[in-house]
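Subject: Handing over the structure

Dear colleague,

Here is the structure that I promised to pass on, and I would be glad if you kept it open while you read the notes that follow.

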Amino acid sequence: MKQWVVLDKKKHRNVRLLKSDLSHSKNLHVCSILLTEFIPVAHACPIIFAKSKDSGKLESSALLGVKPGENLFWQEGQWQGEYVPESVRNYPFCLKYKQNDFSSAYICIESSLLSAGKCTSPSVNLFEVDGKASKDLLEIQRRLKKSHFNRMQVWKFVDILQKFNLLEEKIINIDLADGLKHKFTGVYCISESRLQKLEAEKFLKLRELGYLPFIYSHLFSLQKASALSALYQKYKVKVLH
């Protein structure tokens, strides 16, 4: 299990960060995505809405597997797809939030990749000798600051979907090997029928806010349950019962 610690200038001044790859994602069956990622993700896998462990809020997510602890896109030591979600690429950093305060975030880092002693493995320093953030850390801070802004846009998007009663709990059916099917439950999707019946004023509001491309990308992505089926069958993942 990953152990996240808050990045601290004093505690981590003389600590080095071990380099990592995408293998950390092998146990992710769901990961959060930003609105800016809807189009590339929609061509790879279903986009769903689920409660985030980090914020506790309903957020847009990419469905990467058919059961917890199993990412079908990580196979044979590499990512099986053209696009890797930003939350996966940001590892070993992430943003955490104080309870009921989402206006600001603090940077956390996965503690197993911190090295305080002499380091012989490929690594980078987090802070310079004068205590200033290193070039690598400055880039991470810039990227996470942008991610925080984009995540707030996701929350606004979801708030509107809920306000207009467009979200409904949905079962996603995934075909497995030998005719077996898996029903993925407990997630929310936009109701196409509710969208079609939406009052003109509300529909125009969605268009004014620029949300229609994200809505249609999400609806299109639901067809990509077939991509999960193909990965499952290709790599012969253990059959679910």
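The largest cavity has a volume of about 50 Å³, and in this predicted model the structure holds one cavity of 30 Å³ or more. The residues that line the largest cavity are Pro-40, Val-41, Ala-44, Cys-45, Leu-64, Phe-73, Trp-79, Tyr-83 and Pro-85, and by class this lining is made of nine nonpolar residues, with no polar and no charged ones.

Several elements supply at least two residues each to the lining of the largest pocket, among them strand 3 (30-32), strand 4 (47-51), helix 2 (86-89) and strand 13 (181-190), while strand 8 provides the largest share, which is four residues. When the lining of the largest pocket is divided by class, 18 residues are nonpolar, 11 are polar and nine are charged.

The second largest pocket has a volume of about 270 Å³, and its lining consists of 21 residues, of which Leu-17, Pro-92, Phe-93, Val-124 and Ile-140 are the closest to the centre. Strand 2 (16-18), helix 2, strand 11 (123-125) and helix 3 are the elements that give two or more residues to the lining of this second pocket, and helix 3 gives the most, with five residues. The classes in the lining of the second largest pocket are 11 nonpolar, four polar and six charged residues.

You will find Pro-92 in the loop between helix 2 and strand 8.

Which residues is Leu-206 in contact with, leaving aside its neighbours within four places in sequence? They are Ile-160, Phe-164, Leu-166, Leu-195, Leu-198, Tyr-211, Leu-212 and Ile-215.

Turning to the strands, strand 12 (residues 167-175) pairs with strand 13 in the antiparallel sense over eight bridges, and Lys-170 stands opposite Val-187 in strand 13. Five residues lie between the two strands of this hairpin, where Asp-178 takes a positive phi near 60°.

Two further residues have a positive phi without being glycine. Glu-76, in the loop between strand 6 (74-75) and strand 7 (78-79), has a phi near 50°, and Glu-76 is exposed, with a relative accessible area of 67%. Asn-165, which lies in the loop between helix 3 and strand 12, has a phi of about 55°; with a relative accessible area of 48%, Asn-165 counts as partly exposed.

With best wishes,
A colleague

Key. Residues are numbered from 1 along each chain as its sequence is written. This is a predicted model: local features need pLDDT of at least 70, side-chain atom pairs count only at pLDDT 80 or more; totals for chains, interfaces and linings use all residues. Side-chain values use heavy atoms; hydrogens and water are left out. Ala, Val, Leu, Ile, Met, Phe, Trp, Tyr, Cys and Pro count as nonpolar, Asp, Glu, Lys and Arg as charged, and the others, Gly among them, as polar. On a 1 Å grid over the protein atoms alone, a cavity is a set of points where a 1.4 Å probe fits but cannot get out, and a pocket is an open set with protein on both sides within 12 Å along at least five of seven lines; lining residues have an atom within 4 Å of a point. Grid points are joined across faces, edges and corners, and a volume is the space filled by probe spheres set on the points. Two strands pair if DSSP finds at least two bridges between them. Contact means heavy atoms within 4.5 Å. Buried means under 20% relative accessible area, exposed over 50%, partly exposed in between (1.4 Å probe, protein chains only).
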